[in-house]
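Subject: Structure handover

Hello,

Here is the structure I said I would pass on. Please look it over first; my notes follow below it.

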Amino acid sequence: MARIKQRAIELLSDGTVMRVIGWEKGEGNCDWSPALFENAAEMENFVYGDYAGANLSKYCLKFNRQEGKTLVVLKPCDTLSFRQLLHEHRIDREKFYVIGAGCKGMKDEKGGLLKCSACKGKEFEVYDEIIDDEEAQKTTALMDRMAGVIELEKMTAQERFDFWRGELSRCIRCNACRNVCPACSCIKCVFDNPASGVQSKAPVTDFEENMFHIIRAYHVAGRCTDCGECSRVCPQNIPLHLLNRKFIKDMNELYGDYQAGVGENERTPLTSYTKEDAEPGIVYERGNA
Amino acid sequence: MMRQFPANQVKKIIESIPCAVYAPVEDGAMVVFERYQDGMELRLDKICTDKTPKDILFPQWENLMHFRVEGKTIELSEQQRCEEDYVLFGVRACDIQAFKVLDRVFLSDPVDTYYAARREHGTIVALACGDPKETCFCKNFGVDPAQPDADVVLWLAGDDYYCEAYTDKGRALMSTWETRDAEEGVVEWVKGEIAKKYDALPFAKLNLKGFDGDHLMEKFNSPKWKKLSMACLGCGSCTFACPTCQCYDIRDYDTGNGIQRYRCWDSCMYSDFTLMAHGTNRPTQVERYRQRFMHKLVYFPSRNEGMYSCVGCGRCIEKCPMNLNIVKVIKALGEGENND
Amino acid sequence: MSVSNPNWKPKIVAFCCNWCSYAGADLAGSGRMAYPADVKIIRVPCSCRVNPLFILRAFERGADGVIMCGCHPGDCHYTSGNYFARRRMTMLFSMLDYLGIERGRTRVEWVSAAEGAKFSKTMNEFVKTIYDLGENRKLGDLRCKK
Amino acid sequence: MTKETLVPVLGIVTDVRVDTPDVKTFRVNAPEGGKCFEHMPGQCAMLSIPGVGEAMFSITSSPTNKEFMEFSIKKCGCLTEWLHQMDAGQMITVRGPYGNAFPVEGDLKGQDLLFIAGGIGLAPLRSVINYVRANRENYGKVRIVYGSRSKNDLVDYPEIVNEWCQEAGIEVFLTIDQPQEGWDGHVGFVPNYVTELGFDPQGRVLVCGPPIMIKFTTQALMNMGFEKTQIYTTMELRMKCGVGKCGRCNIGDQYVCKDGPVFRFDELGELPAEY
């Protein structure tokens, strides 16, 4: 942490960057918040470490149009989201100075984060410099990230239906999942657009909950890097990552392995095709009905 | 008069109540107020339910009326108001204070009849708090966790609940319970213990000096809002978790055989909250974030004889995905030695 | 699921591409090939115009089955629209299946302008499937039920 | 006031008058005839078409009109567009009246009155002007400055020319933003025109129009020596409930729907500039 802080102060002082997006401590020990630092004195409060779970890529959208460069501290998995935003031309690479910060898996007051248990590795997709230590390189995924999806696929349709009704019926439509998602970068969401005919603010019936979550998962399909923020922020503890991972799994199986936010290819599985693709009916021939 | 009954009888007592009872029960990994039914896991020990009991009085959505449109004519039928008596069981002091805040809004002239009907038909059984959470700071807002203001109040001491009714409604309800005369002095002792625990909490003594109508412009114009709001995602978690947030939206839904006009919770954190045909007057998250806290700490007390519309339940502290909360705002903008 | 309401008639929405399937439906009509009146056709410029929201909205409003028809792969009027549509619908159907919605409520069929018989056959089959599945209870908006 | 806070009454649009290319005036009656409810000048009502939307509009007609209410509405969003395409005979829903009113029976009584309006801003003021005309003996001199983009955009032009201009004790000054064929009146923005005309800082001023016009007009008035306490204006924010509960139109500790829309200029000074 000290090295990142020191380097950020240097870059602020020599004018390379005009501001830093990092973390600051809260009232307790584990309630860190993303924060903005505009000069060396403010950097006093900068922290980086075990409780820096939030994905700061989303904040880049906020600073893309502002004057000068912004320094942003990204963990390896966050850089995938950053790359995806670059692919979608939502942010300008020139406007950001990316410090890749080593990560040993993040925590909150309840312990290790769920998203870190399916760690996608320690490689940085995008960076201007990496500040890392050896220990951070060692940890690996604790579980197969598709395990939850596979378990659901094994259930019968009715069991799956009951499972999702149980989970989604808790949704209060607070939109935290949407607003935190780096792939949900629309200036005006379809669910906020009165002309769309689907604008609705409350989970008035089961259908509203289903539709919101299906469409949200669908709209980020192929662009979702599986950063896991949606499940982390859900105040109702809905396992939203299981929806996104289902799409990822399907696309990997049907259209070849693909990880959003990796590499130079801007085409996602849903914005490309081959003439030999499977027919939609294939989904009814797999798994349990 | 103070009575007592064994704590393990509480389920029986709830089941004996003839009308609907809403009580904190387990739902998945969460504890929420729901209509109690046999076999539900009662969780009276949970100090701040994950969802507030406000949605019993002011549901997340409710139908207001129904229209039938045919050619140029419209036919209107009103939604029935609540007509069924119910008991709200095990509400904590902070949530009861929140009801009073809601009353100020909905029962002030002109009265909101949908809310008023629900309020009238409910009997509230409160439960004094025992062990606080670290995030509790209700005492700052004049809430006494040991003495909620309700129809009936329960205190847990040892293996017994002590109870006392304060209103006719409460006395009528309690008279049907199987209780015995209470041992003297126990509740007083319990209250003392509660006070001690709450005074030792980290946020027990926030300095609220300066949060009033007289300092409106000063607080509004503070340059600190920009940094405070930076991490805010503009989601509505805090507003939906908050027991006093009462902003709502009225929307129409075309069911194919008529138009249903319903009301649903809304949040000042949303970008379209104040959006009009010509644009919005709160264009960035800075203004929206400021609005929420200014409303709770400055505008509301200025209109309501100093009553804050925060009750210190600490739910927003738990729910905010980015760990922003009202305590940070109070500390950053407040005056005095406690705040830096 | 059994049919509980004896008066129940399925409501079926068919999204048909303007260039092939809609013409195919036309041909079926002019050729007096029967297909059930329960099918309501919505003409779209291309199968890839069909947004997943359209399909969900149809269910919301009380549809019991939704079928999408487009040009055969390779024959798209806009070269590649139906290739994209194919991937999209695959993903959507998979998600609906994942959420436990009955299989068979959604279907994709490629019908050319010359295939009036295929259109009529497909629709007859699909309506039968929906009859067998019964009323759609898992994916509708309660407020839209009479 | 309509009996229930959120439940409207039905109204019938009995006449639609085209005022300008984007403003129409709707005459509204209760289904059984007469008015839906009584109001005071400056108050508003919520109009709605079920399934389209509900919004707040100022009541343009004067309370002294006992037969019907009128709303002058500019086409600018979903609901107003719908209203503009409807014909007479259409039912709508109405609830109100909401908000405070211009103090026609209080502070304004016995005073010389200066009305300054821009564009559709005439709508709330027309109610006051006609109220004053009906109770002429209670008020002093009446002067009206009204400006719009062009001659065609002057709302209620026939009424202004044929009634207001003809009445003794009323002076009317019209202006349009740009020169136009067939217009021999003044050309220029309202604030500048007010400065050119030069008024004695006496009586009360009622200003209504786009925010930018209000801003510069009040500046011009202050330069002439008017006090903030002499100037009244109206505010407009998004509203859903109209009764100070839904939380939208909150500005400082005031709710525009309940405590406004009419504010004396010095009251506005105590509220945040942005909100």
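I start with one residue pair in chain D: D:Val28 stands opposite D:Met69 in β5(D). Strands here are DSSP runs of E of at least two residues, helices are runs of H or I of at least four, and both are numbered from the N terminus. That pair belongs to the pairing of β2 (residues 23-29) with β5(D), which is antiparallel and has 6 bridges. Two strands count as paired if DSSP finds at least two bridges between them.

This is a predicted model, in which local features need pLDDT of at least 70 and side-chain atom pairs count only at pLDDT 80 or more, while totals for chains, interfaces and linings use all residues. Residues are numbered from 1 along each chain as its sequence is written, and chains are lettered from A and ligands numbered from 1 in the order in which they are written.

Chain D, sheets

The β2-β5 pair sits in an open, antiparallel sheet of 6 strands, ordered β4-β3-β6-β1-β2-β5 in chain D. Its edge strands are β4 (53-58) and β5 (69-74) of chain D, each pairing on one side only. On average, neighbouring strands of this sheet are turned by 40 degrees against each other, direction ignored. Axes for such angles are lines fitted to C-alpha atoms (for helices, over the stretch in contact), and angles run from 0 to 180 degrees between N-to-C directions.

Another open sheet in chain D has 7 strands with mixed pairing, in the order β10-β9-β8-β7-β11-β12-β15. Because β10 (186-187) and β15 (262-264) of chain D stand at the edges with a single partner strand each, one side of each has no neighbour in the sheet. Within this sheet, β7 (residues 113-118) and β8 (residues 142-148) of chain D run parallel and are joined by 6 bridges. D:Ala117 is opposite D:Tyr146 in β8(D). Helix α4 (residues 190-197) of chain D packs on the sheet and touches β7, β8, β9 (170-176) and β10 of chain D, its direction making about 145 degrees with that of β8(D). Helix α5 (residues 211-223) of chain D also packs on the sheet, touching β7, β11 (204-208) and β12 (231-234) of chain D, at about 160 degrees to the direction of β11(D).

Chain D, overall

The secondary structure of chain D comes to 6 helices and 15 strands. Its radius of gyration is 18 Å, close to the 19 Å that the globule rule gives for 275 residues, so chain D is as compact as a globular protein of that length. The radius is taken over C-alpha atoms, and the rule is 2.2 Å times the number of residues to the power 0.38. Buried residues make up 53% of the 275 residues in chain D. A residue is buried if 20 or more other C-beta atoms lie within 10 Å of its own, exposed if 12 or fewer, and partly exposed in between, with C-beta atoms placed from the backbone.

Chain D is divided into domain 1 (9-97) and domain 2 (113-234), with bounds from an automatic or database domain assignment. Their C-alpha centres lie 24 Å apart. Between them, 15 residues of domain 1 are in contact with 14 residues of domain 2, where contact requires C-beta atoms, placed from the backbone, within 7 Å. On the domain 1 side, β1 (9-20) and β5 of chain D each supply at least two residues. By class, that side has 5 nonpolar, 8 polar and 2 charged residues. Nonpolar covers Ala, Val, Leu, Ile, Met, Phe, Trp, Tyr, Cys and Pro; charged covers Asp, Glu, Lys and Arg; the others, Gly among them, are polar.

Chains A, B and C

32 residues of chain A are in contact with 33 residues of chain C. On the chain A side, α7 (157-168), α9 and α11 (241-255) of chain A give two or more residues each, and α9(A) gives the most, with 7 residues. That side has 23 nonpolar, 3 polar and 6 charged residues. Between chains B and C, 5 residues of chain B are in contact with 4 residues of chain C.

In chain C, the buried residues of helix α2 (residues 52-60) include C:Ile55, C:Leu56 and C:Phe59. Their cover includes α9 (206-219) of chain A. Just after α2(C), C:Gly62 takes a positive phi of about 110 degrees.

Regards

Key
Two residues are in contact if their C-beta atoms, placed from the backbone, lie within 7 Å.
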